[in-house]
Amino acid sequence: MRLLTGGLFSGTLGWLVLLFLAAPILLVTVVSFSSAAYLTFPPPALGLRWYRAFLGSDSWLAASWLSLWVATVVVVISTSLGTLAALALARLPKAARGVVTGLILSPMIVPSIVIAIGVYYAFARYGLVGSPIGLILAHACLAMPFVVTSVTASLSGLDPRLEQAALSLGATPWGSFWQVTLPLIRPGVIVGALFAFITSFDELLVALFLSGTGAVTLPRRMWDDLRFAIDPTIAAVSTLTILLTAVLMGCAHRLRRKG
Amino acid sequence: MSDASLSDAGAASPPLAATRPARLRLGPLAPWLLALPPVAFMLAFYALPVLGMLSRAVLDPGWTLVHFQALGDDPVFQRVLWNTLYLAVLVTLGTLLLGYPVALLLVRARRMAPLILLLILLPFWTSVLVRSYAWMVLLGRHGLVNEAMLALGLLDRPLRILNTPLATQIAMIHILLPYMILPIANTLRQIDHSLLRAAAGLGASPWSTFRQVVLPLSLPGVAAGTLLVFVLSLGFYITPALVGGPRDTTLSMLISQQVDQLNWAYAACLSAVLLATALVIIGVFAKICGLGGGAFRMSAR
């Protein structure tokens with residue numbers, strides 16, 4: 001029985017929009033396997049030349065490594081601090097909870113350009129422009145809301161009696177956290193960590209201001225290239241990042257459904 | 001840490017009697033101690049830097065409103081603000097018209113549902129930079145769109161689409177569509193099917209069931225999607241800078257240009273205007289529809 005009926009027209013339109021959504025992603029993937037020296041479609045033949053160009057370029061590889069390790073450090077900082085914040089929010093009095101929530105979730109609402117120039121304005125005075133440290137500190141703040149929302153969602157589904165039981169059986173607060181609370185909220189923590197990784201790995205606006213010449217991340221390297229030419233190396237890099245984010249976000253999506 | 005060391009001291013002696021008083025003394029303080037590190041981190045590396053930058057709008061050199069007053073007869077600012085708002089309205093309408101049928105399709109589908117969800121989520125998970133690049137490839141002079149239309153004989157010479165306002169609009173609608181589809185699909189999924197059966201049983205045609213039952217019940221999702229798309233599109237920078245024309249500057253682009261020229265007071269004023277616009281819109285939606293920041297939690301990719 002089709003209860004939510006939508007006419008033939010809306011169904012067709014829906015599929016056309018889905019095609020519109022998917023086409024650019026598929027196109028970039030196809031172009032990345034082109035054998036041509038410039039962007040043409042359809043590619044005259046398929047090959048791996050642009051992947052070889054990517055792997056043979058020191059600057060592309062350096063940018064990739066920088067992005068990967070910056071994102072990894074961001075995951076460690078934002079996941080641990082974000083989990084602390086979520087635990088605190090569940091216990092704080094109502095007024096304080098509002099203020100802390102507002103502070104920690106606000107990077108989702110404040111336009112990225114405002115955050116980017118704000119940190120640039122302050123970090124420039126402390127020599128944090130052109131250094132991975134500046135990027136890590138700013139990216140960790142951008143990633144924090146994702147960890148806090150995800151862990152808070154897990155905590156809200158947690159039976160407080162389990163913690164009380166652990167405490168009354170003689171567990172220390174620290175012990176009950178590690179042995180009872182953390183295992184139960186682990187899916188939420190992992191989802192938060194995955195979001196934090198992607199947030200930092202894909203981030204461009206803060207990097208535009210903080211990268212300088214000493215800390216060029218992968219998105220920043222792509223941006224610099226795109227300003228001059230759209231050579232297919234970027235298609236190869238894009239395909240690799242699409243693959244990486246799809247795998248990580250796919251994991252997060254499955255975990256969140258289960259949790 | 002202090003939590004742990006206190007209780008470790010207690011663990012050596014008979015457990016319950018010794019740890020309880022310690023925990024009681026720490027009890028009311030514990031949430032504050034937990035909150036301290038993340039709050040201090042966010043203040044030091046995000047909130048205070050942004051507020052410090054914004055303060056340049058009114059403290060340059062001393063307390064003054066001169067920079068805000070100057071915006072009143074600044075033709076560049078007014079053109080850019082108008083352009084940004086116009087773009088945001090257009091993109092919001094575009095995503096609403098194109099997104100609603102997809103949300104219906106997603107909720108109605110059975111076997112195809114995983115495929116449809118994948119087609120929505122795959123672009124959603126891909127970074128804005130990569131998607132903007134994809135549109136550069138598609139819309140360029142020798143891009144797929146032009147080549148296809150030439151091959152079909154619809155054109156005799158390539159159209160200029162890239163670096164026009166149309167390219168920005170198409171790419172932004174593409175990028176923001178999932179933010180509209182997902183909240184609408186969420187509310188559609190919650191509609192009680194017995195209502196639809198009742199409508200059909202009372203003789204309503206599918207179209208009037210949709211108009212009188214489904215559409216009104218999905219309005220909260222429409223409102224959440226509209227809020228998300230509108231506020232996010234106000235701050236767009238990467239896409240208009242890459243695929244847009246040289247003349248259609250957005251507020252974010254103007255801010256970045258002013259920073260490049262070290263014109264901090266002007267950049268801070270523009271940032272305050274951008275932030276205030278976003279907050280006012282969120283406030284209005286919160287008042288009318290009872291949703292505000294909550295919608296943004298759904299924005300997690």
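The buried residues of helix 14 of chain B are covered by elements that include helix 5 of chain A, together with helix 5 (75-108), helix 13 (238-243) and helix 15 (264-289) of chain B. The model described here is predicted. In this model, 77 residues of chain A are in contact with 82 residues of chain B. Chain A has 11 helices and 0 strands.

**Helix 14 of chain B**

- Helix 14 of chain B spans residues 251-260 and is mostly covered, with 7 of its 10 residues buried.
- The buried residues of this helix are B:Leu251, B:Ser252, B:Met253, B:Leu254, B:Ile255, B:Ser256 and B:Val259.
- After helix 14 of chain B comes B:Leu262, which has a positive phi, near 55°.

**The contact between the chains**

- The contact joins 77 residues of chain A to 82 residues of chain B.
- On the side of chain A that touches chain B, at least two residues each come from helix 1 (8-32), helix 3, helix 4 (94-105), helix 5 (112-123), helix 6, helix 8 (173-202), helix 10 (218-226) and helix 11 (233-258) of chain A.
- Helix 1 of chain A gives the most to this side, namely 14 residues.
- Sorted by class, the side of chain A that touches chain B holds 57 nonpolar, 17 polar and 3 charged residues.

**The nonpolar core**

- The largest nonpolar core has 163 residues.
- Within this core, the residues with the most contacts are A:Ala85, A:Ala116, A:Ile117 and A:Val206 of chain A, and B:Ala103 and B:Leu176 of chain B.
- Apart from its neighbours within four places in sequence, B:Ala103 is in contact with B:Ile181, B:Ile184, B:Ala185 and B:Leu188.

**Overall form of chain A**

- From the N terminus on, the elements of chain A follow the order α-α-α-α-α-α-α-α-α-α-α.
- The C-alpha trace of chain A spans about 70 × 65 × 30 Å along its principal axes.
- Chain A has 259 residues, of which 49% count as buried.
- Among the contacts in chain A with a separation of 6 or more, 75% are between residues 24 or more positions apart.

**Helix 3 and helix 6 of chain A**

- Helix 3 (residues 58-89) and helix 6 (residues 132-156) of chain A have axes that come within 6 Å and cross at roughly 45°.
- These two helices of chain A are therefore oblique to each other.
- Helix 3 of chain A passes helix 6 of chain A in a right-handed crossing.
- The residues of this contact comprise 19 nonpolar, 6 polar and no charged.

**Helix 6 and helix 8 of chain A**

- Helix 6 of chain A also packs with helix 8 of chain A, at an angle of about 160° and with the axes 8 Å apart.
- Helix 6 and helix 8 of chain A are therefore roughly antiparallel to each other.
- The crossing of helix 6 and helix 8 of chain A is right-handed.
- Helix 6 of chain A contributes residues to the contact that include A:His139, A:Leu142, A:Phe146 and A:Val151, while those of helix 8 of chain A include A:Ile185, A:Gly188, A:Phe195 and A:Ser200.
- By class, this contact has 13 nonpolar, 7 polar and no charged residues.

Methods
Residues are numbered from 1 along each chain as its sequence is written. Chains are lettered from A and ligands numbered from 1 in the order in which they are written. This is a predicted model: local features need pLDDT of at least 70, side-chain atom pairs count only at pLDDT 80 or more; totals for chains, interfaces and linings use all residues. Axes are lines fitted to C-alpha atoms, for helices over the stretch in contact, and angles run from 0 to 180 degrees between N-to-C directions. Helices (H or I, at least four residues) and strands (E, at least two) are DSSP runs, numbered from the N terminus. Angles under 35 degrees count as roughly parallel, over 145 as roughly antiparallel, 65 to 115 as roughly perpendicular and the rest as oblique. A crossing is left-handed if the near helix is turned anticlockwise from the far one by less than a right angle, and right-handed if clockwise. Ala, Val, Leu, Ile, Met, Phe, Trp, Tyr, Cys and Pro count as nonpolar, Asp, Glu, Lys and Arg as charged, and the others, Gly among them, as polar. A nonpolar core is a set of buried Ala, Val, Leu, Ile, Met, Phe, Trp, Tyr and Cys residues joined through C-beta atoms within 7 Å. A residue is buried if 20 or more other C-beta atoms lie within 10 Å of its own, exposed if 12 or fewer, and partly exposed in between; C-beta atoms are placed from the backbone. Two residues are in contact if their C-beta atoms, placed from the backbone, lie within 7 Å.
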